[in-house]
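Me: I would like to learn how to read a protein structure, one feature at a time. May we begin with a single residue and then widen the view?

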Amino acid sequence: MYFHGGDWLLGSAERWSNDALNHMVSDELNTVVVSVEYRLYPEVRFPVPYLDCLAAAKHFLSAEVLAKYSIDPERVAVSGASVGGNLAAAVAQGISTDDAVSVKFSIQALIYPMLQALDFNTPSYLQNQDVPVLYRGLAVRFWLQYLGVDLSLQPQLLVNNHSSSHHVSPELRARVNWTTLLPLRFKKNHRPVAVDKGSQRLVKEVPALLDARASPLLAGPEVLAKCPRAYVLTCENDVLRDDGLMYARRLQDAGVTVTSSHYDDGFHGCFSFIVWPVEFDIGKRLVRGYITWLQNNL
């Protein structure tokens, strides 16, 4: 089951790059691929895209559908890129902890996933803030749109004033604390950003900022421990690099087997650059690594 990217605003299962990718996976793995058309902004906001994807997953994992398409219930994967990775991670958590769902995903494959909205000053957000195609300010704007937050609050989020609130417990902060979760080589000379204690209303007025269905990185260790084996792909030149690296670390700490695949020459969006006229070698290498992992693990 594949969830496309597009920042909860753009994209489609029928987009040429998504369609090409899913045909490759289907052909090379001899597998059924379901690419989900979830509803987008501005028609809907959180939690609707998540609920759309969760409903699709529950339907797909039903005994009737699995039997109809001759699917082995022990070999079902969920995957997605960018915000599709966000949705895949959130859905994997939701399915894993739902006792009413008898068939669970066996693996999850997340491509440079967008996983948290509490810290927009991680080393990768600062290092790559002006790197296309996902600029730091644009990423914050997409989060505001998805969560239904007034866009005038963007400056507050850019300086992390929303994360200073007493509504954000030390336990939650620890789940996105890059100073402890990132490998040393990614921290470089960065320091945590000081925040203004006067902006406590932000989280109180927008509780979705702390909702793990929107920000899967905020899920507790008891939830992560139930999640399937994971493949987490990250790119050096991407504001979302640290989201993926932190999630890989937290999954591992919870006892989940994780393959962390990092590309020093990768950038956000390059996973889609596999079809003319944007056919890049880096895109082909990312997709080849992804398919190879699926072949070996699904």
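**Reading the residues**

Me: Is Gln116 buried or exposed?

Reply: Gln116 is buried, because its relative accessible area is 0%. Buried means under 20% relative accessible area, exposed over 50%, and partly exposed in between, with a 1.4 Å probe and protein chains only. A word on the source: this is a predicted model, in which local features need pLDDT of at least 70 and side-chain atom pairs count only at pLDDT 80 or more, while totals for chains, interfaces and linings use all residues. Residues are numbered from 1 along each chain as its sequence is written, and side-chain values use heavy atoms, with hydrogens and water left out.

Me: Which backbone nitrogen does the side chain of Gln116 reach, and with which side chain does the side chain of Gln116 make a polar contact?

Reply: A polar contact is a pair of N or O atoms within 3.5 Å; within protein, one must be able to donate a hydrogen and the other to accept it, and residues adjacent in sequence count only if both atoms are side-chain atoms. Here the Gln116 side chain reaches the backbone nitrogen of Asp119 at 2.8 Å. A polar contact at 3.1 Å also links the side chains of Gln116 and Asp243.

Me: Which residues does Gln116 touch, not counting those up to four places away in sequence?

Reply: A contact means heavy atoms within 4.5 Å. With residues up to four places away in sequence not counted, Gln116 touches Thr122, Tyr125, Trp143, Val176, Ser215, Leu217 and Asp243.

Me: How many residues does the largest nonpolar core have?

Reply: In soluble globular proteins, nonpolar side chains tend to be buried together. A nonpolar core is a set of buried Ala, Val, Leu, Ile, Met, Phe, Trp, Tyr and Cys residues joined through side-chain atoms within 4.5 Å. The largest one here has 79 residues, and those with the most contacts inside it are Phe3, Val91, Phe105, Trp143, Tyr146 and Leu147. Helix α4 (residues 83-96) gives the most to this core, contributing 8 residues. Another core, of 27 residues, lies apart from it; Leu21, Leu29, Ala77 and Trp293 are among its members.

Me: What does Trp143 touch?

Reply: Leaving aside neighbours within four places in sequence, Trp143 is in contact with residues including Trp8, Asn86, Met114, Leu115 and Gln116. Phe120, Tyr125, Ala214 and Ser215 are also among its contacts.

Me: Where are the cis peptide bonds to be seen?

Reply: One joins Phe46 and Pro47, with omega about 10°. Pro47 is in the loop between β2 (35-36) and α2 (48-60). A cis peptide bond also joins Pro132 and Val133, again with omega about 10°. Val133 lies in the loop between α5 and α6 (136-147).

Me: Which residues other than glycine have a positive phi?

Reply: Asp7 is one of them, with phi about 60°. Asp7 lies in the loop between β1 (2-3) and α1, and a relative accessible area of 13% is the reason why Asp7 is buried. Asn30 is another case, with a positive phi near 50°. Asn30 is in the loop between α1 and β2, and Asn30 counts as exposed because its relative accessibility is 71%.

Me: Is Asp27 buried or exposed, and what separates Asp27 from Phe142?

Reply: Asp27 is part of helix α1. Asp27 counts as exposed because its relative accessibility is 59%. Asp27 and Phe142 are 115 residues apart along the chain, and 34 Å separates their C-alpha atoms.

How values were computed. Helices (H or I, at least four residues) and strands (E, at least two) are DSSP runs, numbered from the N terminus.
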